[in-house]
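The exercises below are meant to be worked through with the sequence and the structure side by side. Please try each task before reading its solution.

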Amino acid sequence: MDKKLLSIVAGVCLFANIALADEKSGFFIGADAAWMHSNVKGDLKHNLTGMTFNGDVSGNIPNFGLRAGYRFNESHRIYAAYNYSDEFNDLIKTPKIQIEGDFTTHKFLLGYDFTPKLFTNTRAVLGVYSGYAKTNIDLKTSFLSLSQNFDGFVYGAKLGALYELTPRNEIEFGVKAEQIRYNSRNFYQSTIGSNFYDPKQTNYGVYLGYAYKF
């Protein structure tokens with residue numbers, strides 16, 4: 001009985017070692033960081049006077065992400081990712097007051113990368129991705145602060161290169177650009193009698209990533 005159990009354990013260990021040794025199994029996990037410039041275009045309308053003001057804001061944001069995916073072969077891969085954009089803020093100026101707009105975004109993405117070989121251990125990266133974005137928008141004045149979540153659809157593209165450090169480890173770097181179109185159009189609060197509506201967000205910048213291949 002002990003010999004049989006020992007044989008099973010040895011077989012499982014051997015199978016695990018073979019599976020882990022095969023860097024071509026296709027699966028990978030990774031993380032990335034980006035520094036992006038963000039522009040949000042929208043209008044601020046006062047519902048009592050009917051006056052409309054430019055509500056555009058912009059700023060630089062750090063972006064952090066986790067991803068897991070599968071390589072079909074050396075030139076094609078897909079992945080799922082979660083990205084978090086740290087808060088950025090800017091001022092919306094009206095004749096009477098200044099409104100500070102703060103934005104924090106969570107993104108859930110699906111992506112595809114074309115990775116043709118350039119040199120030994122070096123590949124190009126041409127990718128597209130899309131998914132769901134949830135942005136918390138805070139509007140602050142000197143006398144009050146209001147918050148609301150906006151849901152939207154994000155789509156983007158990236159261009160870069162990846163370098164294979166070892167058969168299991170690789171780094172990736174390049175540039176990316178994306179746009180978020182929000183389904184939640186209105187930010188109306190009777191407290192201030194104003195409506196921030198139809199925001200569209202564009203982000204672009206540089207990124208650096210790491211992946212571990214199984």
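**Exercise 1.** In this predicted model, with which lysine does Glu172 form a salt bridge, and how far apart are the closest N and O atoms?

*Solution.* Begin at the side chain of Glu172, whose salt-bridge partner here is Lys158, with the closest N and O atoms 3.1 Å apart.

**Exercise 2.** Find the arginine with which Glu172 forms a salt bridge, and locate both residues in their strands.

*Solution.* The arginine is Arg77, and the closest N and O atoms of this pair are 2.8 Å apart. Glu172 belongs to strand β9 (residues 169-182) and Arg77 to strand β4 (residues 76-93), so that the pair links parts of the chain 95 residues apart. Both Glu172 and Arg77 are buried.

**Exercise 3.** Describe the salt bridge between Asp32 and Arg67, and decide whether each residue is buried or exposed.

*Solution.* The side chains of Asp32 and Arg67 meet at 3.6 Å, N to O. Because Asp32 lies in strand β1 (residues 27-46) and Arg67 in strand β3 (residues 57-73), the pair ties together parts 35 residues apart in sequence. Asp32 has a relative accessibility of 14% and counts as buried, and Arg67, with 7%, is buried too.

Key
Residues numbered from 1 in each chain as written. Predicted model: local features only at pLDDT ≥ 70, side-chain atom pairs only at ≥ 80, totals over all residues. Heavy atoms only, no water. Salt bridge = Lys/Arg side-chain N within 4 Å of Asp/Glu carboxyl O. Helix = DSSP H or I, 4+ residues; strand = E, 2+ residues; numbered from the N terminus. Buried < 20%, exposed > 50% of the residue type's maximum accessible area, 1.4 Å probe, protein only.
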